[in-house]
Amino acid sequence: DLDGRPVSLATFRGKTVVLEWINPNCPVSRDYAERKVMSTTAAAHPKEVTVKPGSPATFEITLDIANDWHVNTDVPGDEFVLPLKIELQGCEGLRITPTFPSGKPFKAGGMASVQVYEGKVVIPVTLEQTGKFTGRPQLTLTYQACNDRICLEPKRISIGLRILAQK
C-alpha cells in the first residue's frame with residue numbers, strides 16, 4: 001500500500017484486481033514517471049496558522065494540475081480509484097476538516113465515470129484543537145494523477161504549513 005505495508009490479494013477475493021507496474025528501463029514508462037503533473041504540486045495559504053481550544057484556524061490548499069491531467073476527488077465514485085486525501089500526521093490534539101469542492105465527471109474507455117479535479121483547485125480547511133497538543137504536525141496530500149490513457153503511481157507529499165497550538 002502507500003505506506004509500504006504488504007497487501008494480500010486474498011483481501012480482494014471475488015473482485016476484479018488490476019496490477020500495474022512501471023519498468024524504469026522502458027522509455028515510455030520513464031517518460032510518464034518523469035512528467036511534471038502537478039505544476040505547483042500543492043501549497044497552503046497562509047503558510048502559518050495559530051489554533052487554540054475554541055478558536056479554530058482556517059487555511060486553503062491550492063492544487064495546480066497540469067493541462068491534460070486530472071486528480072481523483074475525495075469521493076471519486078469508484079471503489080477501485082484512489083481518492084484524494086488530506087491528512088494531519090505526527091501529532092495529538094488537532095483535527096483537520098477539509099471542505100472538498102465538487103469535481104467533474106470523467107470517463108475513459110469502458111470504465112465507469114469518476115469525479116475528478118482539473119486545473120486549479122482550492123480546498124478550504126478548518127483546523128481545530130481538540131485536546132492537549134503534542135507532537136510535530138505534518139500535513140500530507142495523497143493523490144493519483146491520470147490522463148485519458150494512463151494513471152501514474154500514487155504520491156504522498158508534504159504540504160508546508162507551520163501550525164502553532166497551545167500545549
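Predicted model: local features only at pLDDT ≥ 70, side-chain atom pairs only at ≥ 80, totals over all residues.
## Nonpolar cores

The largest nonpolar core has 34 residues. Phe59, Ile61, Leu63, Leu127, Leu139 and Leu141 have the most contacts inside it. Six strands are listed as giving two or more residues to this core: β1 (38-45), β2 (48-51), β3 (57-65), β5 (85-98), β8 (120-143) and β10 (155-159). β8 gives the most, with 8 residues.

Ile61 shows how the packing runs. Leaving out residues up to four places away in sequence, Ile61 touches Ala42, Ala43, Ala44, Ile86, Val121, Val122, Ile123, Val125, Leu139 and Ile159. Another core, of 5 residues, lies apart from the largest one. Its members include Phe106, Ala108, Val114 and Val116.

## Thr140

Thr140 sits in strand β8. Its relative accessible area is 2%, so Thr140 is buried. Beyond four places in sequence, its contacts are Lys85, Ile86, Glu87, Gln89, Arg156, Ile157, Ser158 and Ile159.

## Salt bridges

The whole structure holds 4 salt bridges. One of them joins Arg95 and Glu128, with the closest N and O atoms 3.3 Å apart. Arg95 is in strand β5 and Glu128 in strand β8, 33 residues apart. Arg95 is partly exposed at 44% relative accessibility, and Glu128 is partly exposed at 27%.

Glu118 pairs with Lys104, the closest N and O atoms being 3.0 Å apart. Glu118 lies in the loop between β7 (114-117) and β8, and Lys104 in strand β6 (residues 104-106), so the bridge ties together parts 14 residues apart in sequence. Glu118 is partly exposed at 34%, as is Lys104 at 40%.

Asp148 and Arg149 also form a salt bridge, at 3.8 Å from N to O. Both residues are exposed.

Technical notes: Residues numbered from 1 in each chain as written. Heavy atoms only, no water. Core = buried A, V, L, I, M, F, W, Y, C linked by side-chain atoms within 4.5 Å. Buried < 20%, exposed > 50% of the residue type's maximum accessible area, 1.4 Å probe, protein only. Helix = DSSP H or I, 4+ residues; strand = E, 2+ residues; numbered from the N terminus. Contact = heavy atoms within 4.5 Å. Salt bridge = Lys/Arg side-chain N within 4 Å of Asp/Glu carboxyl O.
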